[in-house]
Amino acid sequence: MKRKNHPLLGIHSLLVMIFIYVPIAFIIAYSFNSSRLAADWSGFTFEWYASLFTNRHVMEALGNTMTVALVSTVVSTLLGTLAALTIRKVGRKTKAGVGGLLYLPIIIPDIIMGLSLLVLFTQFHMPLGKMTIIIAHITFCVSYVYVIVTTRLTGMGGQLEEAAQDLGADAWQTFRHVTLPQIMPGIISGALIAFTMSLDDFMVSFFVSGPSSTTLPIYIYGQVKRGISPEINALCTILILVSVTLIFLAQFMLNRGKGQKKQSVLPF
Amino acid sequence: MIELSGVEKHFQGQVVVHPLSLTIKEGEFLTLLGPSGCGKTTILRMIAGFEQPTKGKILLDGADLTSLPPNRRDLNLVFQHYALFPHMTVEDNIAFGLKMKKMPAKEQRERVHEAVTMTQLTPLVKRYPHQLSGGQQQRVAIARAIANKPKVLLLDEPLGALDLQLRKNLQSELKHLQRSLGITFVYVTHDQEEAMMLSDRIVIMNSGKVEQIGTPREIYATPTTLFSATFVGENNIFSQDGRLFAVRPEKLKAVRNQDGAKRMGEVLDVLYLGSIHKLIVQLDDEPMTVSIVFDFTDDRPWEVGEKIGVNWNTEDEVVIGS
């Protein structure tokens, strides 16, 4: 039986989509505009993309962003995975408590995260720079990795590990041959999300960055204060492309396990 | 072979398995039969080592297993939902236990070959579990367990997730496999027909307690408790002079002449079940119905609403605990 939807529902959905995507479409479109002024369209060009790569400030910010993203991804993936593996074994109440606390940084407003970290670093007299940004990014990236790996572990259930033990595998063999291969897609997916989150974080980084540690989002913010240049549009377009690609890749990885239920990394 | 002595299990103050002592003989096919939640799976998991008994000991060949972890017990469990490793081929699944024991590669191949031949999986060895049907997955689970040549094979409702026809086929395959391997099988099921067909002995369980232990014939012919009388096969329970006794439907006789009949009643329903007829009779003096099974020797069909007498031989009464 085919259900017919109300015609207004389609129009409504379309309006919502326009509302969400038109601003992004503008940025992408104007990154190819040969005119310096955003107001008029004077032809198609790749010029701004080319000039990005010769811009020393952009390249430096890109370097910082990459260092921060890579280091915080590796560390948070390790910590988040270990947390997921450990918290699974504890009692139900502890699990709810600690698991909830680990989930919290996803919900806490970024501005609070940024401010509280800044206060903390100042208390410890830590100079603001790449190191403080990395620590800050790890604090919220761990949560994403934890949530995703936990989802995967829950989906796996306990029976496979019991089967391995029953067949003579000790704790390490069970982990190495059964648990790890089963949750690997979740770990990779968590790492990709962590990388994306670190890559485009502005708020937290803004609070804890120092003079020599400008990341791309902070650089873009600084530039925009002096007017939106086509280079910024180009830079944003690249960031959008990279983020979307990584998220889709993460989604694909999480569902790669054979015979698993479909899971999503995009509930938030 | 396996000895459970005074084994009991409590979960959060609740008794799930009441004190149980049981000796399972070598080469025996023993079934734990009971409704869901009766504790049969818990017993199996205690033997496998996934649950620790609250009290009591479990011995295998005279050696105390109770404190050994599952990976150091010389027995294997076939899980209800198979628990095949999704990232390994059929072959790798079957070789898993051998690999963990660091068996030489040549011997591993021989063992896998043997297990695969016995379970008729030869053309499927390169496939992954998700490419197999339920029945094939079940075969892999069994092959994976028997490749280790365990002293005892534990099976937790292994056919529970399969459809009826497939279940029937696999039942006879299992029985055949058990005979040719000569391994002790401890089998858990809630399907009384399956238990009757496969087992050398059946342990009937209800709410954590053993109701009766016996061969299928003993259980059917001489049930000792009300629960085992009614759980296995159909039965009619009568009470007379403060005692309870059971008479199987095929031992009851329907008679048109009501003189001298032990009970009177009215035919509620006549059921044709192919090879047999069945009458459902409402007794006059007692608020109960009985079923009577007989073959097609009677030429006049019974009619609904007809008044009849119900009779049986006194020696077919099976007295069950009051």
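**Figure 1. Lining of the largest cavity.** The residues lining the largest cavity split into 5 nonpolar, no polar and 3 charged (Ala, Val, Leu, Ile, Met, Phe, Trp, Tyr, Cys and Pro count as nonpolar, Asp, Glu, Lys and Arg as charged, the others, Gly among them, as polar). They are B:Arg111, B:Glu114, B:Ala115, B:Met118, B:Ile146, B:Ala147, B:Lys149 and B:Leu181. Helix H3 (residues 105-118) of chain B gives the largest share, 4 residues. The volume is about 50 Å³. The model, which is predicted, holds 3 cavities of 30 Å³ or more. On a 1 Å grid over the protein atoms alone, a cavity is a set of points where a 1.4 Å probe fits but cannot get out; lining residues have an atom within 4 Å of a point. Points are joined across faces, edges and corners, and a volume is the space filled by probe spheres set on them.

**Figure 2. The second largest pocket, in chain A.** A pocket is an open set of points with protein on both sides within 12 Å along at least five of seven lines. This one has a volume of about 300 Å³. Its lining is A:Ile27, A:Asp200, A:Pro217, A:Ile220, A:Cys236, A:Leu239, A:Ile240 and A:Ser243. Helix H10 (216-224) and helix H11 (230-254) of chain A each give two or more residues. H11(A) gives the most, with 4 residues. By class, the lining has 6 nonpolar, 1 polar and 1 charged.

Figure 3. An unreviewed UniProt entry carries the annotation "transmembrane region" for residues 12-32, 66-87, 99-122, 128-149 and 232-254 of chain A. Such annotations may be inferred rather than shown by experiment; positions follow the numbering used here, and feature names are shortened. Residues 66-87 are 100% helix and 0% strand, with end C-alpha atoms 31 Å apart. Residues 128-149 are 91% helix and 0% strand, and their end C-alpha atoms lie 31 Å apart. Helices (H or I, at least four residues) and strands (E, at least two) are DSSP runs, numbered from the N terminus.

**Figure 4. The open sheet of chain B.** Its 6 strands follow the order S6-S7-S8-S3-S9-S10, with mixed pairing (two strands pair if DSSP finds at least two bridges between them). Strand S6 (75-78) and strand S10 (209-214) are the edges. Twist averages 15° from one strand to the next. Strands S3 (residues 29-33) and S8 (residues 184-189) run parallel, joined by 5 bridges. B:Leu30 has B:Val186 as its bridge partner in S8(B).

**Notes.** Residues are numbered from 1 along each chain as its sequence is written, and chains are lettered from A and ligands numbered from 1 in the order written. Local features need pLDDT of at least 70, side-chain atom pairs count only at pLDDT 80 or more, and totals for chains, interfaces and linings use all residues, while side-chain values use heavy atoms, leaving out hydrogens and water.

Technical notes: Axes fitted to C-alpha atoms, helices over the stretch in contact; angles between N-to-C directions.
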